[in-house]
Amino acid sequence: MSMKNGLIGRLVSNKYLLLASRFVLGFVFIYASIDKISHPGAFADIIANYRILPGFVTNIVAIVLPWVELICGLSLVVGLFLRTAAVLVTALLTLFLASLLTSVIRGLDISCGCFTVTTDAAKVGPMRLAEDILMILMSLHIAVFGTGFAAVETYLSELEPTERRTRVQR
Amino acid sequence: MKGEKRRLVVEGVGIMLLCSVLGVLYNAVSERGIPPIRKSPSITWESDTGTLGNNSAGSGSGVDKDSSIEYHEQKPVDRELEQPRSMVRKERVEKESSDLNEPQGVPAITLSQAYDLFQRHKAVFLDARHESEYRLGHIKGAISLPFNEFEKHAVQLGGLPVDTTLVTYCDGGECDLSMKLAFELSQKGFRRVKVYYGGWAEWVSSNHPIEKDDDNRE
């Protein structure tokens with residue numbers, strides 16, 4: 001990879017920086033999932049307020065989505081299915097960004113439902129967009145440069161080297 | 001690289017499946033679980049033809065029996081939440097109103113019904129919008145009760161008897177604060193809560209009485 005040369009290239013592929021990205025993003029996702037998992041009703045209302053999804057799927061999304069956040073967050077932190085989790089997180093964040101954008105454009109005065117489901121929590125607005133974009137950069141960072149450094153999947157691959165080593169080490 | 005993509009897809013699908021199973025299972029055992037399929041957000045329109053008119057009085061949520069309201073106004077149409085209201089049966093409404101997930105079973109009233117209550121001073125109007133919007137203008141005599149700060153403002157209702165007719169409203173059209181507020185109020189024990197679904201926009205466009213915060217009250 002040509003980007004691995006040069007100062008910026010070396011910086012973004014630095015394994016400690018990657019680990020930092022994983023931890024920050026992973027814990028943010030875990031944290032964000034907890035409140036939603038414990039209050040599915042409130043989360044469903046928030047999803048409904050975005051007026052994007054058809055009403056009948058709102059609840060099933062409210063039931064499943066927080067678990068995707070939780071599992072992906074855990075994956076990022078412990079380093080299992082790391083690249084897949086990073087790709088999923090990127091996809092989720094992109095969807096969130098699109099939802100936020102449409103709300104801002106339509107001028108909806110609704111709560112974000114990003115990290116908590118309380119109604120007086122953060123409203124949809126430029127700050128949320130900025131956070132989302134920052135997190136997309138982090139997830140892309142992991143998806144592109146993700147290494148097996150300090151990752152459970154590395155230790156697993158060492159147990160059965162012939163089959164797995166090739167895909168963990170890049 | 002092809003193997004890498006394949007692995008991503010397989011793992012991705014696997015993770016999504018795992019999450020779906022976990023989510024549905026947890027939701028099934030959780031105390032706060034919700035029905036997987038959301039019932040369409042429904043409000044029950046109070047009748048204007050008499051087919052439902054008097055049976056709603058039985059639950060204490062109907063139009064006052066002694067009222068002689070003539071409802072000939074065109075019902076609001078093209079509203080996102082509008083339901084085939086004449087089809088909503090009483091039993092269904094009462095069953096669903098125990099579902100905390102959604103503000104259901106609170107009757108909605110039309111502009112003419114709201115205006116009638118207003119003229120006869122039969123109802124207290126509650127503005128569910130943000131306080132700043134209330135200050136810019138509200139239905140004359142309405143009390144500001146922003147849904148987002150419900151607990152803070154609910155004390156204002158302390159002195160009202162529970163059988164006071166309360167009419168909640170918000171912007172109209174795309175807002176659901178009035179429904180949520182109405183639902184909260186009915187949870188608090190108020191028996192005659194109605195949603196004026198047309199809301200502020202419809203009221204203003206009909207040139208019905210309004211006031212601003214700096215106007216003198218009657």
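Predicted model: local features only at pLDDT ≥ 70, side-chain atom pairs only at ≥ 80, totals over all residues.
Trainee: What lets two side chains pair by charge?

Mentor: Side chains of opposite charge can pair when their charged atoms come close.

Trainee: How many salt bridges does a search of the whole structure find?

Mentor: Eight, over all chains.

Trainee: Start with A:E69. Which residue forms a salt bridge with A:E69?

Mentor: A:K36 does, and the closest N and O atoms are 3.0 Å apart. The pair links distant parts of the chain. A:E69 sits in helix α4 (residues 58–78) of chain A, and A:K36 in helix α2 (residues 15–38) of chain A. They are 33 residues apart.

Trainee: Are A:E69 and A:K36 buried or exposed?

Mentor: Both are buried.

Trainee: Now chain B. Where do B:E4 and B:R7 lie?

Mentor: Both are in helix α1 (residues 2–29) of chain B. Three residues separate them, about one turn of the helix.

Trainee: Why does B:E4 count as buried?

Mentor: Buried means under 20% relative accessible area. B:E4 has 11% relative accessibility, so B:E4 counts as buried. B:R7 is buried too, with a relative accessible area of 14%.

Trainee: What does B:E11 form with B:R7?

Mentor: A salt bridge, with the closest N and O atoms 3.0 Å apart. B:E11 and B:R7 both lie in helix α1 of chain B, four residues apart, again about one turn of the helix. B:E11 is buried, as is B:R7.

Trainee: Which residues are linked in a network of salt bridges?

Mentor: A:R83, B:E4, B:R7 and B:E11.

Technical notes. Residues numbered from 1 in each chain as written. Chains lettered and ligands numbered in written order. Heavy atoms only, no water. Salt bridge = Lys/Arg side-chain N within 4 Å of Asp/Glu carboxyl O. Helix = DSSP H or I, 4+ residues; strand = E, 2+ residues; numbered from the N terminus. Buried < 20%, exposed > 50% of the residue type's maximum accessible area, 1.4 Å probe, protein only.
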